[in-house]
Structure formats: structure tokens, C-alpha cells
Amino acid sequence: MSNHLHVILRNRPDVVASWSDAEVAIRWLRVFPGRRMEEHLAEPTEHEVKVLAANAERIAEIRQRMSDISWFMRSLAEPISRLANKQDECTGRFWEGRFKAQRIVDEAGLLACSMYVDLNPVRAAMTSDPDKAPHTSAFDRIQAGQGQRIESAAFDLKPVPTQEAAKQIRETPVDELREQRKAKKRNPTGKRIKRDAWLAPLTLSPDKLSSDAEVNGEGVRASDKGFLQVSLREYLRLLRWTAKQSIDGMAAAIPGSLASTLTQLGIDASMWRDLVWNWQKYFGKSSCVGSPDSMRQDAERCGKHHHQGQASASACFI
């Protein structure tokens, strides 16, 4: 959006645990290269990777950070702040404060939250059609289905040989090295991928166990695990129908197949429009999102009697 963003995240300590120490080291050095004597040389070398991988205590700390949502948000927000300050020729705080996080505790909450995020541009009157809202995951999935591809910003998990790095510094002019670094940032691998390849698949695989890591082998995302029991086609049908229902006035009758999907998740189909369009009314002040039963269970897990919003949300669930 123009002044904020929404991200639905799933942290994957099980995926991070499957990476070797060397892979953890190179991933970390790619994102946090630290100070180098040659600032224009951003590629981690084999020597740097080996030194970091040999530090067991440091690697354990980094491994924990790589599945930590706070560290992810720091890595996402800080470069945006630097870019915005550079464009505005100013310094100082960019974001209003620390990000707000809500735990999504079941699939009903996840479907409603996904729909709420994908419909933000429609709610803000930036467009009336989710198919034309370019800064959403739904748009990327739609475009990918039509064959659109983008340059991949994902890097290869291979360090630069130390001798090759030294040769580059000796034989390549500094200005040329800087230009190479800029080009590498835009498209490190030179590959083009499907527009939605960076996103987690939407649909859970029926033949996979919930404990399966489903590690992505192409380097464009951490995991190949989906997150909903609905197909992309069914999700987009529900998204487009919901987008047509204004906040005020009577909602059209929801198609039977879509109503059945909602009912299976314990959502009252007649309240679906209200749940999505008036999200803040039900979950705006809650630290937890989901059906009342799931919210109650999570509250007990946290040693609380209930979560804020639990009672009001009950109106939308069977």
C-alpha cells in the first residue's frame, strides 16, 4: 500500500535445520556481508564461508535468526527505509514503529486473513478488480497462470573461490566492479522464473504430512509447502466474488460451492463478506486470528483466559 505493507509469514525452523553449516553461512553472508575492505566486492568468498561455518556458536545463533520473524522483518524493513530516505534525500526514522504481528491459529483464520490482504487495494479504492492490483500475491499468482515471468533476485548458493575474488580485485577497475555488483543485485543468477515462484504454493499437497519440510531446491523460496486446503482456482473465485461485495448494502448470494468451502472450515457463509470487509472490527485489536475455538485453545496455551476479539468473532463462525 502507499504507506504500509501486509505480509503473511510462516517461519520454518524445520527447513533451516535441514541446511548445512556452510549453507547457513553463505545465506547469512549474502544478506549481511558485514564490513569489507573492498566494499564494492559483495560476494562472499569460500574462505569467509569456511571461517563462519567453523564457528559453531555463531552458526547456532544465525540458524535461530533465520527462522525468526523479527529478524525477517528487520531484513525487509531496513533496506526499504534506506531506499526511501535516499529518494527523499533525508535521514531518520522511516517506519512509524515496530511491526504489529498477529498469530494465525487455524485455516479459517488463514483464509480470511489472506483474503483481507489480497483485497486491501480494493478496500482502499485503488481498483475495483483484484486482477488489476499489482502489489498483491493474488495478482502474481494470476499473472503466473498466464505465463508471465520475472527476473530472479534469488542468488546461487555458491561462494566465490578465494583466488578468483583476489584476481577480480587485482585486474578489474573499481568502477567496473561496482557496476557488476549493481547488475548482480538486480538479477544474481540471470534466470527468469514464474512471477509467483517466490511465493509459497497456495494449496497443500494431499500426499504430504504436516511435518514434512518440503524444502525448495531451486533457491527462490525456503519451502514448497502450501497453506490452504483449497485450490488456487477456488481461492480466486472466492476472492473475485468477495471483491464485488461493497462494504455497505446487501451482499449477493454466495455461490453454493464457495459456501460449502467456507462451511467446511466452520465459517458462517452468510457472514463471510462482513468478516473480510470489516476485518478490523473482529481482529483489529487481537494478537490472535482464527475461529473462536482455536483462539480459546491458543489463549490457554499462553496462560490466558481468552484473546481480545474472541467473542465478537464468534458471530462469523458456525
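We're working with a predicted model, where local features need pLDDT of at least 70, side-chain atom pairs count only at pLDDT 80 or more, and totals for chains, interfaces and linings use all residues. Residues are numbered from 1 along each chain as its sequence is written, and side-chain values use heavy atoms, with hydrogens and water left out.

**The whole protein**

The fold has 16 helices and four strands, taken as DSSP runs numbered from the N terminus (helices: H or I, at least four residues; strands: E, at least two). Its C-alpha atoms fill a box of roughly 70 × 45 × 40 Å along the principal axes. A few overall numbers:

| Quantity | Value |
|---|---|
| Buried share of the 318 residues | 39% |
| Share of contacts with a separation of 6 or more that join residues 24 or more positions apart | 69% |

Buried here means under 20% relative accessible area with a 1.4 Å probe, protein chains only, while contact means heavy atoms within 4.5 Å.

**Around Thr127**

Thr127 sits in the loop that links helix 7 (120-123) to helix 8 (137-145). Is this residue buried or exposed? Thr127 counts as buried because its relative accessibility is 17%. Its side chain reaches the backbone nitrogen of Asp129 at 3.1 Å, a polar contact (a pair of N or O atoms within 3.5 Å, one able to donate a hydrogen and the other to accept it; residues adjacent in sequence count only if both atoms are side-chain atoms). Setting aside neighbours within four places in sequence, Thr127 touches Pro121, Val122, Lys132 and Ala133.

Technical notes: Buried < 20%, exposed > 50% of the residue type's maximum accessible area, 1.4 Å probe, protein only.
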